[in-house]
Amino acid sequence: MSRHLTCAAVLLGVAAAVVSCGRGPIESKLDLSPAAARGRDLFLNKSTPRCSTCHMLRDAGAGKMIGPNLDTHPLDHAKVLRALKQGVGAMPTQSGILSDQEMSDIATYVVEAAGK
Ligand code: HEC
């Protein structure tokens, strides 16, 4: 029994190390609202495909230019939410992948972090 527990603890430690290595910058330097902090985690780790595959957003360590640069592209919460819900051009929708609340949290994050 105790051997099993030790094994499980070691495996969990390894899993945690792997997960944290796979992320971009772990901490934001910004003073994000709770919704934006949740949105940042979704942006980095749960959107499918990841926002960072196609976009630039400095706070998220995202540097791709397939879609517009989110640091400079003019946007507001409604616009980001519409892009996430419906998709826009080559950008796939996140509907059916993320909940309405999660999409709203990502939009809050993008608006708070853009250009900072
Ligand atoms: C497969 C690549 C891809 C992914 C993944 C992607 N986008 Fe996009 N995004 C684009 C492209 C391309 C456009 C420009 C579409 C156009 O204007 O025709 C765009 C446009 C946008 C816009 C501007 C919308 C507007 O009305 O001006 C926002 C905001 C945005 N994306 C946010 C996100 C967020 C947040 C995520 C993650 C949930 C994401 N994107 C994931 C490719 C992507």
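Mentor: Two residues are in contact if their C-beta atoms, placed from the backbone, lie within 7 Å. Helices (H or I, at least four residues) and strands (E, at least two) are DSSP runs, numbered from the N terminus. The model is predicted, so local features need pLDDT of at least 70 and side-chain atom pairs count only at pLDDT 80 or more, whereas totals for chains, interfaces and linings use all residues. Residues are numbered from 1 along each chain as its sequence is written.

Trainee: In what order do the elements of the protein run from the N terminus on?

Mentor: The protein has four helices and two strands. From the N terminus on, their order is α-α-β-β-α-α.

Trainee: What percentage of the residues in the protein is buried?

Mentor: A residue is buried if 20 or more other C-beta atoms lie within 10 Å of its own, exposed if 12 or fewer, and partly exposed in between, with C-beta atoms placed from the backbone. Of the 116 residues in the protein, the buried share is 24%.

Trainee: Which elements do the buried residues of helix 4 pack against?

Mentor: Helix 4 (100-113) has 14 residues, and its first and last C-alpha atoms are 20 Å apart, close to the 20 Å expected at 1.5 Å a residue. Its buried residues are Met103, Asp105, Ile106, Ala107, Thr108, Tyr109, Val110, Glu112 and Ala113. They pack against helix 2, strand 1 (56-57) and helix 3.

Trainee: Which helix is included in what covers the buried residues of helix 2?

Mentor: In helix 2, Ala36, Gly39, Arg40, Leu42, Phe43 and Leu44 are buried. What covers them includes helix 4.

Trainee: How are helix 2 and helix 4 oriented to each other?

Mentor: Axes are lines fitted to C-alpha atoms, for helices over the stretch in contact, and angles run from 0 to 180 degrees between N-to-C directions. The axes of helix 2 (residues 34-45) and helix 4 come within 7 Å and cross at roughly 100°. Angles under 35 degrees count as roughly parallel, over 145 as roughly antiparallel, 65 to 115 as roughly perpendicular and the rest as oblique. The two helices are therefore roughly perpendicular.

Trainee: How many charged residues does the contact of helix 2 with helix 4 have?

Mentor: From helix 2, Ala35, Ala36, Arg38, Gly39, Arg40, Leu42 and Phe43 meet Glu102, Asp105, Ile106, Thr108, Tyr109 and Glu112 of helix 4. Ala, Val, Leu, Ile, Met, Phe, Trp, Tyr, Cys and Pro count as nonpolar, Asp, Glu, Lys and Arg as charged, and the others, Gly among them, as polar. On that basis the contact has six nonpolar and two polar residues, and its charged residues number five.

Trainee: Which element gives the largest share of the shell around the ligand?

Mentor: There are 25 residues around the ligand, and the closest are Cys51, Cys54, Gly67, Gly89 and Met91; a residue is near a molecule or strand if its C-beta atom, placed from the backbone, lies within 6 Å of it. By class, this shell has 17 nonpolar, seven polar and one charged residues. Helix 3 (77-86) and helix 4 each give two or more residues to it. The largest share, four residues, comes from helix 3.

Trainee: Which residues does histidine 77 touch, not counting residues up to four places away in sequence?

Mentor: Histidine 77 lies in helix 3 and is partly exposed because it has 13 C-beta neighbours inside 10 Å. Its C-alpha atom is separated by 9.5 Å from that of aspartate 105, 28 residues apart along the chain. Outside that sequence range, histidine 77 touches Ala107, Thr108 and Val111.

Trainee: Which two residues does a cis peptide bond join?

Mentor: Proline 49 is found in the loop between helix 2 and strand 1. With omega at about -10°, the cis peptide bond joins threonine 48 and proline 49.

Trainee: Why does arginine 50 count as partly exposed, and how many other C-beta atoms lie within 10 Å?

Mentor: Arginine 50 is also found in the loop between helix 2 and strand 1. Its C-alpha atom is separated by 10.0 Å from that of glutamine 94, 44 residues apart along the chain. Arginine 50 is partly exposed because the number of other C-beta atoms within 10 Å is 17.

Conventions
Expected span 1.5 Å × (residues − 1).
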